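Visitor: I am new to this structure and would like to learn how to read a few of its features. Could you take me through them one at a time?

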Amino acid sequence: GTARKYRMLLWLLPGLVLIGIGFLGGRRWSSRLMWASAVLLVTAVAVTILFGPVFSATAQPQIHQQLDRMGTAAGGFQGLLNQKAASMAENAVMAFVSGLLKQGVLLLVTSTILLFASIVWYIDDMRRARHV
């Protein structure tokens, strides 16, 4: 319960890093948002690819194979316990990976929207700067 209560603090460090990237990369607020959202977009794409198709093609078959081997190693009651433990372990791994994939897709959509909004804002800033 304590971990769930303070899970928002886990977003604090990456958020501070993004704010730092924005301040170091941009001169105006629009370009600062553009830098931060672009970095977030690249990271979200990497997470989505790693925990989506790459995991499904490489790690998931190996995990499934090893857990099947563990489940069929013994016979009788021990074999039944091993199969149940393997099933529970596979469910835990898949729940963890699907949670990471869901967060990656959410960040992908959010960062794309933020990047588009910052580009529009930046273009508007440049248009206004020319007229002044």
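Visitor: Where do R128 and D124 lie, and how many residues apart are they?

Guide: Both R128 and D124 belong to helix α4, where a spacing of four residues amounts to about one turn of the helix; helices (H or I, at least four residues) are DSSP runs, numbered from the N terminus. The model is a predicted one, in which local features need pLDDT of at least 70 and side-chain atom pairs count only at pLDDT 80 or more, while totals for chains, interfaces and linings use all residues. Residues are numbered from 1 along each chain as its sequence is written, and side-chain values use heavy atoms, with hydrogens and water left out.

Visitor: What do the side chains of R128 and D124 meet in?

Guide: Side chains of opposite charge can pair when their charged atoms come close. Here the side chains of R128 and D124 form a salt bridge, at 3.3 Å from N to O; the term asks for a side-chain nitrogen of Lys or Arg within 4 Å of a carboxyl oxygen of Asp or Glu. A search of the whole structure finds one salt bridge.

Visitor: Is S111 buried or exposed?

Guide: Buried means under 20% relative accessible area, exposed over 50%, and partly exposed in between, with a 1.4 Å probe and protein chains only. S111, which is placed in helix α4 (residues 76-131), has a relative accessible area of 0% and is therefore buried. R128, by comparison, counts as exposed because its relative accessibility is 55%, and D124, at 27%, is partly exposed.

Visitor: Which residues is S111 in contact with, leaving aside its neighbours within four places in sequence?

Guide: They are S37, L40, L41 and A44, where contact means heavy atoms within 4.5 Å.

Visitor: How is the largest pocket to be read, and what space lies in it?

Guide: Rolling a probe the size of a water molecule over the atoms shows where empty space is left. In this model the largest pocket holds about 770 Å³ of space. Its lining has 24 residues, and those closest to the centre are L10, W11, P14, Q103 and L107. A pocket, on a 1 Å grid over the protein atoms alone, is an open set of points where a 1.4 Å probe fits, with protein on both sides within 12 Å along at least five of seven lines, and lining residues have an atom within 4 Å of a point. Helix α4 gives the largest share of that lining, nine residues.

Notes: Helix = DSSP H or I, 4+ residues; strand = E, 2+ residues; numbered from the N terminus. Points joined across faces, edges and corners; volume = space filled by probe spheres on them.
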